[in-house]
Amino acid sequence: MSDSDQIPPLHALLARSHARFVTECERRLAEEGFGDLAVAHGANVLRFLERDHAMPVTEVVRRSGVSKQAISQQVRHLAEHGYLTVEPSETDGRSKALRFTEHGERSRSAAIRITTDVEREWAARFGETEIGALRSTLEAVLGGDF
């Protein structure tokens, strides 16, 4: 068997599929005026925030499973671009908490709609059963850790 006949490694398939999904979502976000927003911002920070409630940065770090340094960089970017505000925590004055801005709320609604649309389009293209099975398998692999 030659190298060109080998089955692609699962990690490569997952990475390239993820990249394709992200590229499409970010293209659509940019079309709607959120060109400075990355899918990673939503996955690591924005999805954990609640409307009308400040979320401690430490809680975002805990829930995301991403390093404090990476979250800090993303929070700085999101604050500089008007998606959220950083304020003193209500429970610990030494800590910071995050709150959506109006722009952030609009971006969240757009991101949810866009990612849902892309997933729905993939289901129409590749089959609802197949995308449903893919989703179920990935959820099982992660064991609820998402």
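R135 is partly exposed, with a relative accessible area of 41% (buried means under 20%, exposed over 50%, partly exposed in between, with a 1.4 Å probe and protein chains only). The model is predicted, so local features need pLDDT of at least 70 and side-chain atom pairs count only at pLDDT 80 or more, while totals for chains, interfaces and linings use all residues. Residues are numbered from 1 along each chain as its sequence is written, and side-chain values use heavy atoms, with hydrogens and water left out.

Side chains of opposite charge can pair when their charged atoms come close. A search of the whole structure gives 13 salt bridges (a side-chain nitrogen of Lys or Arg within 4 Å of a carboxyl oxygen of Asp or Glu). One of them joins R135 to E119, with an N to O distance of 2.7 Å. This pair links distant parts of the chain, 16 residues apart, with R135 in helix α6 (residues 128-142) and E119 in helix α5. Helices (H or I, at least four residues) and strands (E, at least two) are DSSP runs, numbered from the N terminus. E119 is partly exposed, at 27% relative accessibility.

Helix α5 (residues 102-126) also holds E102 and R106, which are four residues apart and therefore separated by about one helical turn. The closest N and O atoms of their salt bridge are 3.6 Å apart. E102 is exposed, at 64%, whereas R106 is partly exposed, at 44%.

In the salt bridge between E87 and R99, the closest N and O atoms are 2.9 Å apart. E87 belongs to strand β2 (residues 84-88) and R99 to strand β3 (residues 96-100), so the pair ties together parts that are twelve residues apart in sequence. R99 is partly exposed, with 24% relative accessibility. A network of salt bridges links E24, R27, R28, E31 and E121.

The largest pocket has a volume of about 1800 Å³. On a 1 Å grid over the protein atoms alone, a pocket is an open set of points with protein on both sides within 12 Å along at least five of seven lines, and lining residues have an atom within 4 Å of a point. Grid points are joined across faces, edges and corners, and the volume is the space filled by probe spheres set on the points. The lining has 45 residues, and H18, F21, V39, E119 and R135 lie nearest the centre of the pocket. Helix α5 gives the most to this lining, with twelve residues.

Technical notes: On a 1 Å grid over the protein atoms alone, a cavity is a set of points where a 1.4 Å probe fits but cannot get out, and a pocket is an open set with protein on both sides within 12 Å along at least five of seven lines; lining residues have an atom within 4 Å of a point.
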